[in-house]
Amino acid sequence: MSAEFLPRMRSGDDYMFHPDLERMDRAELAALQLARLKGTLHHAYTNVPHYRRAFDAAGVTPDDLHSLADLARFPFTVKTDLRDNYPFGLFAVPRSQLARIHASSGTTGRPTVVGYTQGDLVRWSELMARSMASAGIRPGDVVHNSYGYGLFTGGLGAHYGAERLGATVVPMSGGSTERQVALLRDFAADALCSTPSYALNIAEVARAEGVDLRGGPLKVGLFGAEPWTEAMRAELEEQLGITACDVYGLSEIMGPGVAVECWARNGLHGWEDHFLFEVIDAQTGQPLPYGEAGELVITTLTKSALPMIRYRTRDISRLSIEPCPCGRSHVRILRITGRNDDMMIIRGVNVYPSQVEAVLLPLPGLSAHYQMVVERKGVLDVLTIEVEAAPEEAEASYPQLAATVGHHVKSLIGVSSTVIIRRPGEIPRSLGKALRVRDLRRG
Ligand code: DLL
């Protein structure tokens, strides 16, 4: 973090959007969760045939929940449940009560459709305002919002959150990167909201246009919607002269603002007055104790249109309830390192894209633009890592760079790879979520 930007995130800067709720005593929080959970289970069971069938099949009814631990007796919900009930089958309110619909395209077949009542939208805006404040954005700031607008929840989620906070929103969406750079400068943005990969793209275009965003008012980046590493954080903070914070969310649960970092940046506070977080063993489905890594499972506590019971996110993380120096009492979700689905199994070794990113970014001579290709050659899986050289790097040094990358990947991750060093600009740039892996084995 650049020293000149420290004041915005200094320890003791305890501005909170909902101070009483964010600092709530954990016993009180648990009591609130239990009451809301009972309400949510009844709401889902009464109004959604899918939940009634699933609960009946598991031999439980909402009245079987006496403590938070009893939730483990209830069945999980998975992404295919949304697809199987396409488009509106999981909604717990009549369609006429929906104020908005979002959807994610996904790679196969039907999109995942989610809906919100007016009340859901109010709660989402408040949680996003709370999240922005936690990341150091303040009422009165100019918030440049480069998350995509439309069916994706990023754009409108950040938009309404920023307005609720009392900031001035610049609703850019993704794309037209030269224009983004010009307006970041001309409108004197204090904060940039985008995916980390698109922020890197913006930083690169700013440099190419000779615009030094580091010297201006920009001080906070609120980045999420895809996995990113500490090495990427360092890169973005250096290139943009900002403090970069991680924000997490998913459309099935709400959208952005489910969890966010505070100035201590030791995990993302998950807003437990609205969500119940569990980590489970992905194989057995058993809940794991705090501190153990597994699949994050989330239950909504205040959603009206689309209550989600024990939704399996497929995101890998750990939970911590150690006290946080910021004073927020809500559970911390340690940085999401990847999804079950993104894990590449290469000749028996489990490899996440974020592990490769963590190896590549600190190496000198490289840029932060990379992509991986996995192919099957005969009976063997072959991993190819394509990474761009830094602009100042002479092409004569590419073979040596490739050898260095291959060596580090092998020794730190344990997998052999073919490394191709690309010239600057050769790897496609992201406008939203970056495509890090092309798995040609999936046909
Ligand atoms: O990506 C919502 C969002 C928008 C979050 C803007 C943050 C900022 P979906 O398109 O439904 O929703 O994708 C959700 O993206 O299950 C994770 O795998 C991944 N993801 C989201 N945030 C993070 C993050 C939005 N901070 C899926 N770190 C989730 C790692 C993330 N992965």
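Predicted model: local features only at pLDDT ≥ 70, side-chain atom pairs only at ≥ 80, totals over all residues.
## Ground rules

Local features here need pLDDT of at least 70 and side-chain atom pairs count only at pLDDT 80 or more, while totals for chains, interfaces and linings use all residues. Residues are numbered from 1 along each chain as its sequence is written, and side-chain values use heavy atoms, with hydrogens and water left out.

## Helix 6

Helix 6 covers residues 153–165. Helices (H or I, at least four residues) and strands (E, at least two) are DSSP runs, numbered from the N terminus. Helix 6 has 13 residues and reaches 18 Å from its first C-alpha to its last. That is close to the 18 Å expected at 1.5 Å a residue; the expected span is 1.5 Å times one less than the number of residues.

Helix 6 is largely enclosed by the rest of the structure, because 10 of its 13 residues are buried. Buried means under 20% relative accessible area, exposed over 50%, and partly exposed in between (1.4 Å probe, protein chains only). Among the buried residues are T153, H159 and L165. Their cover includes helix 5 (118–134), strand 1 (100–104) and strand 8 (255–261). Just after helix 6, G166 takes a positive phi of about 100°.

Four strands form an open sheet in the order 10-11-12-15, with antiparallel pairing. Strand 10 (275–280) and strand 15 (338–339) stand at the edges with a single partner strand each, so one side of each has no neighbour in the sheet. Two strands pair if DSSP finds at least two bridges between them. Strands of a sheet pair through backbone hydrogen bonds, either parallel or antiparallel.

Six bridges join strand 10 to strand 11 (residues 294–300). Here L276 stands opposite T299 in strand 11.

## A pocket and a cavity

L276 turns up again in the second largest pocket. On a 1 Å grid over the protein atoms alone, a pocket is an open set of points with protein on both sides within 12 Å along at least five of seven lines; in a cavity, a 1.4 Å probe fits but cannot get out; lining residues have an atom within 4 Å of a point. Grid points are joined across faces, edges and corners, and a volume is the space filled by probe spheres set on the points.

The second largest pocket holds about 370 Å³ of space. Of its 19 lining residues, the closest to its centre are L276, F277, E278, Y290 and L319. Helix 2 (26–47) and strand 10 each supply at least two lining residues. The lining has 15 nonpolar, one polar and three charged residues. Ala, Val, Leu, Ile, Met, Phe, Trp, Tyr, Cys and Pro count as nonpolar, Asp, Glu, Lys and Arg as charged, and the others, Gly among them, as polar.

There are three cavities of 30 Å³ or more. Helix 5 gives the largest share, four residues.

S131 is found in helix 5. Its relative accessible area is 0%, so S131 is buried. S131 touches G257, V260 and W271, not counting residues up to four places away in sequence. Contact means heavy atoms within 4.5 Å.

Y398 lies in helix 11 (residues 398–413). Y398 also counts as buried, at 11% relative accessibility. Y398 and I421 are 23 residues apart along the chain, yet their C-alpha atoms are separated by 6.0 Å. I421 is among the residues that Y398 touches, including A389 and P424.
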